[in-house]
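The exercises below are meant to be worked with the sequence and the coordinates side by side.

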Amino acid sequence: MKPCCLLMLLFAASGVFAKQPNVILVMADDMGWAQTGYYGYPYLKTPNLDDMARNGLRMDRFYAAAPSCTPTRASVLTGRTNDRTGAFRVGQSINKQEKMLSTAFSEAGYATAHFGKWHLNHVGRKGEHPLPADDPHHPGQLGFDYWLSTTSGFDLGEFELSRNGTRELFHGDGSEVIIAEAVKYIGKQVAQEKPVFVVIWYSAPHGPWTATDEDIEPFLSKVDRTSANMLGEIVAIDRSIGHLRQGLEDLGIADNTLVWFTSDNGGTPNTDVLIRESPAGEREIIYPSNCSDDLDPNLTHDEAMSLHGCLRGVDPDSTGHLRGFKKDFYEGGLREPTIVEWPAGIKPRVSNFPSGTVDMFPTLIDIAGLSADSINKVHDGISLAEVFKTEPARRHQPMGFRASDGWMWLDNDWKIVKNTDYKDEDNDKQYELFNVIGDPSEAQNVTDTYPDIAARLYEQYQQWSLSVSRSALGADYPEGKVLPTGRKPDPVVHERRARRFKQWAEEVSASKGSDQE
Ligand SMILES: [Ca+2]
C-alpha cells in the first residue's frame, strides 16, 4: 500500500476526516487595499466585511503574488509564483502539468467547485462562449468537479456563465448571482455530508463599472459617476459576503468553514488614461493624463471612453496611503484587503505578518489534512497554520515577486523593487530599496544609505529568480519540459511566450556556464 493511502486510512480511522473544515476562497477583482469600511475608506460602508474582520484574522500585510489577474490566480491554485506555472501574464494559460490545489482537495475527499471569473485559459473576447466544454484549460480540466465560470468579466444586468461547459443566461448583480449559486451548491454537498472546497472569484470591482441606482446613490454627491459605480460594485460585493455568511449559518456549517477573502491585485489608478489616435492614425495611450478634468462628472465610464477616449481615474484613491496601483510592484499594486474567518480554528486578531497568495496552498495542506505530496516540491509559499494561532516575530523565508518586466523581493521590513515603468527595462540592477514599516508609502529610496542590505537582498532575489526561470522551462515536471498546451496558438501570446522562453533559457544556460568555472 502506498504511504499516502495508509495515511488516509489512519486519518479515517481516527476520525480526522469528520473534522475536515470546509474551505471557501473568495477573491475580488482589482479591489484596492484601502477599499473597506474597516480601513476607514471614505464614503464606503462594508458592514459585512467589517463583521468578518472582527470575527476572524485580519491580515494587513497580505500580498497577491503579482500585480495582475491571471498570474495571481495561478499562484492561489499552485502555491507557486506565476512564472513557474505557465501563467506569466494576463491571457496565458496554466500548464496542465501543474499540481493543483483543486486536485489535492478532491483526493482528500472534498467536493470541489469554481464560481465566477476564471482567466486561467486565455484573454476572452466579447460575444464568445463564456467557457466552452472543449477549452483545454477550463476548471474541470484543472481539478474542479463542478464549475459555473467564465473566462473573463461579467457584470450587472444580463450576462452569461458556463455551467460545466454549457452556456447559461443570468440576470442581476454578478457578485450576488455567483454567491447565490455557490451557496446552493454547498447546500447540496452538505446534504450528502461531503466537505467542500469552493473557489469564488468575483469580476468586481474591475472596470467598466456598473452598479444599481440604489447602490450608487450614496456616492453621487461625493464623487463622479464613474467612481460612484465602482464604489457601488463594492457595496454589492459586501452584500454578497453577507449572503454567503448567512448561507453558511443557515446550513449549520459556519463554525467549521474557513472563508478566505482577498483580492487579485492592487486597485485601479486615480489618474486618467487618454486613448486617442495619433496624427499618423496609430492608437496612442497617454498615461498619466488629466483628461477627466474637463469632463462632465455625470458621464458613465463607457460614455467618457466612447465620447472622449478618456479612462477616468477613480476617486477616492483605491490603495490609500500605499504607493502605486494595479500593475505596480510597489505596495499598492500587491497588498490586498484580506480576512480569514474560521470560528472553529481562528480567534479574532489583526496580523501584520507578511504573507501572500502563494501561502494558501501550503496552509490548506496543514489545516485540511491534504497530502504533503499534493503540491509541487518546488513552491514559494509557507504554511500559515501557526500564524492562524499566534503572531510570529519574523517571516524566515523572504517573498519573491516577478511578472512581465517588474519584480520585488521582500524580507520582512525591507524590500527591493524594480517597477515596470523604469526607463531601462533591461537593467535588472536598477532597483530601489525601501523599509516598508518605517516608510509605508515608499517615499524614500534608501539604496545609498544601506548598500549592504540592498546587495544582500539583490543576491537572494537573483538566486530565486534563476530557480523560477528553471521552473518556467519545465524543470520541476516529471517530463523535464513544458508540454504543448493543447490550445491553438494566439499569435500575440505565442510571440510573447517565445521571447520569454528564449530569455530564460539563456539565463539558465549562462548560470550553468558560471557553475563550471
Ligand atoms: Ca484583476
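Two strands are taken to pair if DSSP finds at least two bridges between them. The model used throughout is a predicted one.

**Exercise 1.** Determine in what order the three strands of the open sheet are arranged, and which of them stand at the edges.

*Solution.* Step one is to read the order of the open sheet, which is β10-β9-β11, with antiparallel pairing. Step two is to look for strands with a single partner: β10 (283-289) and β11 (310-311) each have just one partner strand and stand at the edges, so one side of each is left without a neighbour in the sheet.

**Exercise 2.** Decide whether strand β12 is buried or exposed, and identify which strands pair with it.

*Solution.* The criterion needed here is that a residue counts as buried if 20 or more other C-beta atoms lie within 10 Å of its own. By this criterion seven of the seven residues of β12 (residues 335-341) are buried, so the strand is largely enclosed by the rest of the structure. The next step is to separate the two faces, because in a regular strand the side chains alternate between the two faces of the sheet. On one side of β12 lie R335, P337, I339 and E341, on the other E336, T338 and V340, and all of these are buried, which leaves both faces covered. Turning to the partners, strand β2 (residues 57-63) pairs with β12 in the antiparallel sense over five bridges, with F62 having E336 as its bridge partner. Strand β8 (residues 257-263) also runs antiparallel to β12, through three bridges, and W260 stands opposite V340.

**Exercise 3.** Describe the surroundings of Y330, stating where it is found and which residues it contacts beyond its neighbours within four places in sequence.

*Solution.* First, Y330 is located in the loop between β11 and α10 (331-334). Second, 24 other C-beta atoms lie within 10 Å, so Y330 is buried. Third, leaving aside neighbours within four places in sequence, Y330 is in contact with R323, G324, V417, N419 and E442.

**Exercise 4.** State how the domain assignment divides the chain, and how many residues each of domain 1 and domain 2 gives to their contact.

*Solution.* The assignment gives domain 1 (22-268 + 317-374), domain 2 (272-311) and domain 3 (399-516). The contact between domain 1 and domain 2 takes seven residues from each, and on the side of domain 1 these are two nonpolar, three polar and two charged residues.

Technical notes:
Residues are numbered from 1 along each chain as its sequence is written. This is a predicted model: local features need pLDDT of at least 70, side-chain atom pairs count only at pLDDT 80 or more; totals for chains, interfaces and linings use all residues. A residue is buried if 20 or more other C-beta atoms lie within 10 Å of its own, exposed if 12 or fewer, and partly exposed in between; C-beta atoms are placed from the backbone. Helices (H or I, at least four residues) and strands (E, at least two) are DSSP runs, numbered from the N terminus. Domain bounds come from an automatic or database domain assignment. Two residues are in contact if their C-beta atoms, placed from the backbone, lie within 7 Å. Ala, Val, Leu, Ile, Met, Phe, Trp, Tyr, Cys and Pro count as nonpolar, Asp, Glu, Lys and Arg as charged, and the others, Gly among them, as polar.
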